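Hi,

Here is the structure I promised to pass on. Could you have a look at it alongside my notes below?

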Number of protein chains: 2
Amino acid sequence: MTNRIYELQEIHNWSAEETSLAITSLDEQLPIGLHNVAFQPVFFSQGSPSLVAKYGPLIAARGILGCYLQTELGHGTNVAQLETTATYIPETREFEINSPSLTSSKWWIGALGKTSTHGVVQAKLILPGGKDVGPHLFFVQLRSMDNHKVLPGIVIGDIGPKALAGFSPTDNGFARFDHVRIPKENMLSKFAQVTDEGGYVQPPHAKLSYGGMLYIRANMVTGAGWMMAKAATVSLRYTTVRRQGEKGPDGLERQTITYPSVYIRLLPILSHAYVFLQLGKSLLKSFDAMSKRLASGDTSLLAEMHATTSGLKVMVSTLGVHDLEVARRSMGGHGYSAFAGLGRLYADYLPSTTYEGDNFVLDQQVVRAALKSYKNLFSSSTPSAASLSPSSYYLRLLLPGSQPPQLKDSSWKDATFAINILEWRAAVLVREHAKTFSQPDASVNQRVSKAVTEAFIAGQVGQIMDNLSLPIGTSNVLRSLYTLYLLTVVEAGLADLLSFGLLRPTTNSSGSSDPARSLRLYISQLCQELLPNAIGLSDAFGFTDWELDSALGVFDGKVYEALWQRAQEEPLNRTEVTSGYEESIKPMLLRGQRQVAQGRVKL
Amino acid sequence: MTNRIYELQEIHNWSAEETSLAITSLDEQLPIGLHNVAFQPVFFSQGSPSLVAKYGPLIAARGILGCYLQTELGHGTNVAQLETTATYIPETREFEINSPSLTSSKWWIGALGKTSTHGVVQAKLILPGGKDVGPHLFFVQLRSMDNHKVLPGIVIGDIGPKALAGFSPTDNGFARFDHVRIPKENMLSKFAQVTDEGGYVQPPHAKLSYGGMLYIRANMVTGAGWMMAKAATVSLRYTTVRRQGEKGPDGLERQTITYPSVYIRLLPILSHAYVFLQLGKSLLKSFDAMSKRLASGDTSLLAEMHATTSGLKVMVSTLGVHDLEVARRSMGGHGYSAFAGLGRLYADYLPSTTYEGDNFVLDQQVVRAALKSYKNLFSSSTPSAASLSPSSYYLRLLLPGSQPPQLKDSSWKDATFAINILEWRAAVLVREHAKTFSQPDASVNQRVSKAVTEAFIAGQVGQIMDNLSLPIGTSNVLRSLYTLYLLTVVEAGLADLLSFGLLRPTTNSSGSSDPARSLRLYISQLCQELLPNAIGLSDAFGFTDWELDSALGVFDGKVYEALWQRAQEEPLNRTEVTSGYEESIKPMLLRGQRQVAQGRVKL
């Protein structure tokens with residue numbers, strides 16, 4: 001596929017952007033993705049000018065193919081503990097790359113197993129005399145350019161299949177290095193450097209290389225938004241076509257989307273898609289603003305960007321995986337067919353909860369940032385909301401004079417109530433965590449991280465709603481959709497809201513003592529209002545049948561014809577009698593018949 | 001595999017039970033499973049004595065291979081709407097099986113696609129004159145016994161791959177029937193019958209045929225227990241071996257199981273395994289008691305068994321799927337390797353949330369049974385707990401004189417408090433749902449069903465704890481494990497408990513206003529107490545490495561060696577240079593190099 005795309009690029013003189021779109025439209029997890037998204041950006045952003053001049057054109061034109069070797073068999077998230085070494089040899093001006101143990105084997109490296117000719121290796125830099133100055137990056141040739149054979153001193157292979165048949169097209173690989181020498185120039189030394197004699201030159205800013213990681217995380221928000229959009233489109237289309245239950249006056253069974261237990265699962269997914277696609281847009285703007293400052297050495301926006309993208313990365317990957325499965329399951333039996341299309345998306349998207357920072361580790365960083373903001377705010381002699389960044393703006397509620405909102409019957413119809421109470425939840429949870437920090441419970445990081453991120457998102461959603469400038473009918477529908485998002489977040493956070501007394505059981509006008517009841521009733525009402533627009537709101541994503549690749553999500557609604565057609569094309573159906581008949585089935589049948597004929601079978 | 005097993009059965013003269021164990025130990029979703037678990041039991045339990053005499057021995061000896069054709073392309077859970085017809089033709093004493101539409105195609109039928117020679121077809125019985133008396137079962141030959149070709153008038157094929165590569169070994173198939181005639185004797189007529197003239201003879205008890213379905217559901221509890229046990233064993237072993245973080249005084253990084261965010265996820269899975277394995281045992285005893293009564297025409301235990309198994313089926317399948325993924329994700333990056341072993345279990349277990357009754361449909365039945373019990377209790381002039389069955393025993397709390405327990409600092413150490421409060425939650429939720437029945441919210445069935453089932457399980461767990469008769473040390477460990485189960489259920493139910501005022505925010509002795517804090521702290525404490533026994537408690541399941549089939553769950557803890565070894569056996573690694581090199585990789589490399597040489601690449 002990849003070779004053909006670049007062949008077409010040459011034939012049609014496609015631009016880099018057009019080629020990138022063509023690859024994206026294939027929607028396959030191809031090895032070239034690792035070259036384009038990991039190897040090439042790292043090389044260009046951290047290679048020295050001379051190294052970039054020497055190899056840059058070949059990399060850009062894919063005259064060499066690369067991968068990024070970071071993770072090891074025994075070490076993942078904690079990069080500081082990587083074992084691979086790069087020892088500088090001043091006598092020959094070389095580095096010696098070495099894998100000292102089984103657990104130091106590079107592992108999981110995408111495009112390494114069979115494809116790459118070169119790689120950027122993350123290894124501990126050891127200076128003459130043995131001083132370890134921590135992980136640095138080195139450009140290493142892996143395979144011969146003549147015959148693609150692995151170079152001497154290196155052992156490379158594929159690490160085998162992934163769970164759920166995910167990432168099948170990618171050759172995740174392993175590599176071990178046995179004292180492999182590379183020239184000194186091959187260290188990526190735009191920031192840190194080694195002198196010819198083996199002296200170490202510190203990078204000017206320790207965090208200058210973080211930008212790329214933040215860009216990937218920011219992009220994950222938009223990526224998750226499109227994933228949720230696909231899940232919503234396929235499942236809403238199918239449950240609109242699918243009928244089940246007693247026949248109505250029209251002689252037809254009921255559309256499954258009209259069942260509360262179905263629409264209460266699917267419409268929130270639709271709202272997630274709208275929220276995270278919008279959020280992704282504004283996040284990329286913030287990223288551009290930060291990058292401009294970074295380019296002039298100003299790292300002031302880095303911490304805020306890091307806190308925001310960490311929390312959002314956890315949120316969108318956890319929620320995206322969850323939504324894909326909720327949508328698949330809502331489609332009943334046919335959702336389990338590969339032809340439904342959501343299974344493969346799930347299998348490929350699943351590791352997003354682990355890669356680019358394991359979600360449970362990132363939660364800690366979100367909490368750490370929140371506690372820091374909390375302490376900064378109250379360590380001032382005159383605490384003021386003016387000092388708060390967008391990601392910690394909810395903390396203003398802890399300043400003197402603020403009171404939690406009181407629940408009334410009409411509260412849920414007002415999106416600002418939901419936003420306010422979600423901000424209160426975050427503020428109270430952070431304060432509580434700061435107070436009880438020495439005696440935490442086991443899941444506190446997850447709860448605090450979630451509350452903080454949801455408060456930030458709620459604030460952003462409020463701004464999106466304020467800025468809606470579409471025709472009034474459309475704006476109202478979108479307003480309902482965004483409100484549905486907010487209220488379902490509130491519902492999922494009820495335990496915290498109730499246990500901190502932000503909501504309280506009362507006897508209200510409907511006679512119920514359950515404060516969640518009015519919330520849930522209004523969520524149901526919103527869903528019913530949105531139902532007539534569900535197909536329109538998902539059609540608006542503009543997916544083609546090719547992009548959805550789902551028999552259940554076809555635009556014309558002919559789902560049964562599509563399932564039938566795909567089954568006819570199933571390779572197993574090319575022959576009427578399976579090749580296993582003579583070998584396996586017939587012997588079984590004959591054995592059983594013989595046993596019966598011999599009277600050996602008792603019932 | 002299957003043919004070899006039956007060959008070995010003949011060679012070694014294995015009993016049916018030994019053969020069944022051999023098949024189970026293969027742990028593959030084989031087509032023969034459908035013959036053994038669906039086709040054969042239905043045939044024997046519902047076929048007439050003469051039909052059983054004629055085909056029973058062949059079926060028992062697998063001289064013919066069968067499948068069970070119920071689900072259709074357009075119809076699943078709602079069997080009443082199936083479209084396939086079986087029209088009785090008195091002139092020839094035959095039934096004519098027909099698929100009148102695309103949507104009537106039998107679909108998803110396991111072992112139909114390539115394997116089965118015969119099947120039991122669920123079809124609407126149409127009497128002469130056109131009267132439709134609903135779905136009945138018919139024994140139909142599908143393929144020639146001479147050459148395995150599909151018989152005239154029938155179209156059969158495989159429906160294609162399943163999501164996540166699940167159930168790969170099973171040939172789920174489709175079938176369409178074009179007015180296919182079968183002899184009258186082929187109707188499974190142990191209960192309902194058709195006279196030669198076309199008269200309809202009603203079955204003596206409408207629900208006599210339900211027993212089999214309940215047996216499958218009861219077995220699902222034990223099956224889920226073993227699934228959870230596998231997930232717990234693999235993940236606890238790996239996270240005990242895996243180290244990550246800063247190095248301690250021993251020069252080693254920290255074992256990942258010692259992180260609160262890891263053990264808080266894994267120890268509850270261990271508790272689920274113990275709970276549901278025990279529950280499965282007692283459920284099969286109840287099933288045997290019911291079966292004995294059913295055999296004498298006494299259906300009095302059927303409703304209770306139906307209510308119990310419906311709720312438990314929903315619970316164990318939802319929780320089992322969830323636990324498999326939680327365990328997989330707790331293992332970080334390596335959890336996504338197919339060699340971790342949990343991915344395939346997940347893919348195969350996933351449809352359990354849909355088959356044997358979609359969970360969201362079954363929830364309705366649980367709620368219906370609960371409301372019926374509630375109304376029965378209070379329609380009596382002297383309501384009494386004596387009339388309550390085990391599955392509705394929690395409703396006694398609504399009788400005059402009962403008061404919800406008051407939370408004290410020590411409450412969570414007392415398992416009966418947790419059991420009591422879970423029963424109160426169910427009772428209050430059912431009462432509330434009965435009161436507001438005309439205006440339900442969209443997710444009420446799911447919440448009520450869960451609360452009712454968890455109250456039942458909590459009561460059962462209380463009995464298990466009361467009956468522990470092991471050495472005191474072992475009993476205490478198990479008591480902690482069962483308490484952990486109860487308290488994590490309480491924690492997940494906090495929103496209901498708080499919104500109904502069964503728990504309330506208060507200022508307690510620790511100064512916190514959050515009533516959930518003491519609960520969560522005690523859960524953390526229980527986890528820490530259990531940690532030293534986690535490996536022992538999972539070793540106690542007695543899994544062999546063969547059964548776990550996981551590089552990360554190997555008994556000797558040499559997980560990295562196991563991953564390395566499996567990677568070496570990966571077929572892709574048989575050749576150093578992939579066959580795709582000449583075809584795809586080399587042309588790309590040469591194209592890129594040519595573009596650079598021609599000076600066409602700008603950076």
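A charge counts as sitting over a ring if NZ of Lys or CZ of Arg is within 6 Å of the ring centre and within 35 degrees of the ring normal. By that rule, A:Arg176 lies over the face of B:Trp564, 5.4 Å from the ring centre, and A:Arg265 over the face of B:Phe360, at 3.2 Å.

Some ground rules: this is a predicted model, where local features need pLDDT of at least 70, side-chain atom pairs count only at pLDDT 80 or more, and totals for chains, interfaces and linings use all residues. Residues are numbered from 1 along each chain as its sequence is written, chains are lettered from A and ligands numbered from 1 in the order in which they are written, and side-chain values use heavy atoms, with hydrogens and water left out.

B:Trp564 also forms an aromatic pair with A:Trp107 (ring centres of Phe, Tyr or Trp, the latter by its six-membered ring, within 6.5 Å; planes under 30 degrees apart are stacked, over 60 edge-to-face, the rest tilted). This pair is tilted, at 6.1 Å centre to centre and 40 degrees between the planes. How buried is A:Trp107? Its relative accessible area is 2%, and that of B:Trp564 is 17%, so both count as buried (under 20%; exposed is over 50%, partly exposed in between; 1.4 Å probe, protein chains only).

Best wishes
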